[in-house]
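Have a look at this one with me. My notes are below, point by point.

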Amino acid sequence: METVRFDELDLCQEILRGVKEMGFEEASPIQAQAIPVAMQGYDVIGQAQTGTGKTAAFGIPVLEKVNLNKDIKHPQALILCPTRELAVQAAEEIRKLAKYMHGIKVLPIYGGQDINKQIRALKGTQVIIGTPGRVMDHLRRKTIRCDYVNTIVLDEADEMLNMGFREDIETVLEYIPTEDR
Ligand code: AMP
């Protein structure tokens, strides 16, 4: 496949700057294939080995869709990850990509963390990366509201199914506005 440079991908300047600062010039195959399609608003199923840049493949389209208007006080993207470690790692990567997006808040949430602290941290967060059980807990408490969620990502979906998260994921999906999907 031909190589694609990030500056050919129609990214906003802020994200392109973040990408460049991370040292990325060329998109990896999963990024080159997934980013343009996801940015057009299509649903994507992506499959690639560990370490091939999947986080940025979904993270960049998620960030491109965030509206930074402060009047929107609810999350706009929800990313589910199988473990706390993966949630933290993905959040770190996405924060780096978003470094020049002023006013962006990216937060990992997982079980075992003090829920009240989490509730405070969630204020003004546009991008949530969480484990299914804890996200479900917040949805039930209405401390996460999905009215403005435009994207949901199931990171390592196969692994989440292996770990028995199917029901939790389905419950979470019921809270997401899906239009006709
Ligand atoms: P991931 O598969 O998302 O865990 O990414 C694996 C590693 O590759 C991470 O350290 C990323 O920062 C890095 N990475 C992701 N995309 C690129 C790229 N296009 N060029 C170089 N490194 C990248």
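1. The shell around the ligand splits into 2 nonpolar, 6 polar and 3 charged residues (Ala, Val, Leu, Ile, Met, Phe, Trp, Tyr, Cys and Pro count as nonpolar, Asp, Glu, Lys and Arg as charged, the others, Gly among them, as polar). Among the surrounding residues are Phe6, Phe24, Lys54 and Glu93, where a residue belongs if one of its heavy atoms lies within 4 Å.

2. Keep in mind that this is a predicted model, with local features needing pLDDT of at least 70, side-chain atom pairs counting only at pLDDT 80 or more, and totals for chains, interfaces and linings using all residues. Residues are numbered from 1 along each chain as its sequence is written, and side-chain values use heavy atoms, leaving out hydrogens and water.

3. Now the backbone of the site. A polar backbone atom of Thr52 sits 3.1 Å from a ligand oxygen, and for Lys54 the distance is 3.3 Å; a polar contact here is a pair of N or O atoms within 3.5 Å. Of the 490 Å² of accessible area that the ligand has on its own, the protein covers 64% (Shrake-Rupley method, 1.4 Å probe).

4. On to the sheet: 4 strands, open, in the order β4-β5-β3-β6 with parallel pairing. Strands are DSSP runs of E with at least two residues, and two of them pair if DSSP finds at least two bridges between them. β4 (106-109) and β6 (151-154) are at the edges with a single partner strand each, so one side of each has no neighbour in the sheet.

5. Strand β3 (residues 77-80) pairs with β6 over 4 bridges, in the parallel sense. Leu80 has Leu154 of β6 as its bridge partner.

Definitions and conventions
Polar contact = N/O pair within 3.5 Å; in protein donor to acceptor, adjacent residues only side chain to side chain.
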